[in-house]
Amino acid sequence: MPAAGLRILGLMSGTSADGIDAALLDFALDGPGTLLGHWHFPYPASLQSEIFRVQERLDLGQVARLDRILGKLHGQAAASVMEEAGKASCVAMHGQTVFHRPGGPEGSTLQIGCAADVALATSCTIIHDFRRADVAAGGQGAPLVPPYHQACFAHDQPVWILNLGGVANITWVPPKGSDSPLQAFDTGPGNVLLDAAVSLLSGGKLRMDPDGSWASRGRTNRQVLASWLQMDFFRAPPPKSTGREQFQGAMVQDLWQSWKGSPDDFLATLTVLTAESVAHGARTWTPGASRMLVFGGGAKNLSLLRAIQEALPGILVEVGEHSQAIPSQALEAMAFSWLGGQCLLGKALGLASVTGQKQPVVLGHILPGPDWADLNARIREMLAGMAEP
Ligand SMILES: Nc1ncnc2c1ncn2[C@@H]1O[C@H](COP(=O)(O)OP(=O)(O)OP(=O)(O)O)[C@@H](O)[C@H]1O
Ligand SMILES: [Mg+2]
C-alpha cells in the first residue's frame, strides 16, 4: 500500500530576530524530503528591538508577553502559508531563543512563542521546544540542524555546510558510508556583530549591511583583528554553542568605543573577524574538506563571502543555493520540519559529536491537535510501507 505523505511546515525564527522563515516539506522517512515552498514573514523593527531588549534584561512579565505575541505571529504565518499551499499535516516550530546558556548541571536554553496560539490558528498538531531535551541530556542544545545537513549533503567527499544566521554554525559532513562521526558547532558570530554595527553606525536607520556593500568600502585593520580573535569563545574546543548572551550590541559598542579608525574600516574589520572565526573553527576542529556550501541570510553578504574565501585558500566556498536548489534562508526551517518528523516517529537522535549530549534523545515536545489520531495513522502507514519488502 503506498504510504500517505506527511507535509510538515517548519517555522524558524533565529538569533537575528529578523522574522519567521517557513518551509513546507514533503517529509520522507529515508532522506531529506522535498521542499514544496518557502516563505519569509519579516518582524517589524519595533518587535526585533523588543526581542533584543528582553534578551539583554530578562523580565519575566515581558518574556511571557512576548511569548504570546510571537505565538500569534507564528500562528498567522502558518495560517497564511496553509491558505496558499493547503493544509499541512503538522507544524514544527523552533520559536525565538531568548536565553541560551548551556553546559553544566544547570545549563539552560529557552525558546518562546506560545505553541497553543499556533495550534488555535491552524488546528494542527504542533511540535516545538526542540532544544531542551538535548540540554537535559547534557548537550549544548545547539546546533541541531547538522543531522539534516547530513541527510541532505552526504556524498562521496566530505563537505562543510556553513549556516550564516545571527550566529554561525558549521557542520562537517563525512562521506557516505564513512565511520567518521558528523562534527558541528557554533563558530561564533554570523551576522550578529555586523547587524549591530550597522545599526549603531547608521543611528538605527539600517538593520543590515545590504549585500556587504558598506563593508566593501573599508579596509581591515589586521592588528586590531588579531586582538579580537583572541576572544575565549574562538579558542574553546567543541562542543560549543553561543547566542546573543555572548555576541551582541553591547560588545559592538565597546569595540567601537576603543576603535580609532573610520566606520567603514570598523565594519570591514568586523566582517573579516566573522570570516576568520569561521575559518579558524573549520580548520582547527574538523577533519577538513575541499568544499564549503554557505547558507543563511549571511550568504547574501558578498563582503563576508569574499572574506571567508580569502580565509580558506584552496577551498571552494560556494553559496549553497547556487548549486543545491535549496534557498539560503529555507534550509534551517526545512531542518526543523525534518526534526519535527523525527519527533513524531519517536526517533532518538544521537548528537554526541555535535552537542556533546551524553545519550541520544527524542527532540521536541508535541501538542496534539484535533488531527492527532489521523496523523498517527499516517505515520504507522508510512512505517508499514517502509517495512514492506
Ligand atoms: N541582502 C542581504 N545583505 C546582507 N545581509 C543580509 C541580506 N539578507 C539577509 N542578510 C543577513 O541575514 C540575517 C538573517 O539571516 P537568517 O535569517 O539566516 O538568520 P537567523 O534568523 O539569525 O537564523 P539562525 O540564527 O537560526 O541561523 C539578517 O539579519 C542580515 O544580517
Ligand atoms: Mg532569520
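Start at Gly 203: just after helix H6 (192-201), it takes a positive phi of about 60°. Helices here are DSSP runs of H or I with at least four residues, strands are E runs of at least two, and both are numbered from the N terminus.

A word on the source. This is a predicted model, where local features need pLDDT of at least 70 and side-chain atom pairs count only at pLDDT 80 or more, while totals for chains, interfaces and linings use all residues. Residues are numbered from 1 along each chain as its sequence is written, and side-chain values use heavy atoms, with hydrogens and water left out.

Back to H6. Eight of its 10 residues are buried, meaning under 20% relative accessible area with a 1.4 Å probe on protein chains only. Among them are Val 192, Leu 193, Asp 195 and Leu 201. What do the buried residues of H6 pack against? Strand S10 (183-189), H9, H10 and helix H11 (302-311). Contact means heavy atoms within 4.5 Å.

Take Met 292. Leaving aside neighbours within four places in sequence, its contacts include Trp 160, Leu 162, Val 278, Ile 308 and Glu 318.

Now the domains. An automatic or database assignment sets the bounds: domain 1 is 6-142 + 330-387, and domain 2 is 146-324. Their C-alpha centres lie 24 Å apart. At the contact, 30 residues of domain 1 meet 26 of domain 2.

Where does the second largest pocket lie? Both domains give residues to its lining, so it lies between them. Its volume is about 460 Å³. A pocket is an open set of points on a 1 Å grid over the protein atoms alone, with protein on both sides within 12 Å along at least five of seven lines; lining residues have an atom within 4 Å of a point. Volume is the space filled by probe spheres set on the points, which are joined across faces, edges and corners.

Of the 22 lining residues, Phe 52, Asp 195, Ala 196, Ser 199 and Arg 244 are the closest to the centre. H1 gives the most, with six residues.

Technical notes. Chains are lettered from A and ligands numbered from 1 in the order in which they are written. On a 1 Å grid over the protein atoms alone, a cavity is a set of points where a 1.4 Å probe fits but cannot get out, and a pocket is an open set with protein on both sides within 12 Å along at least five of seven lines; lining residues have an atom within 4 Å of a point. Buried means under 20% relative accessible area, exposed over 50%, partly exposed in between (1.4 Å probe, protein chains only).
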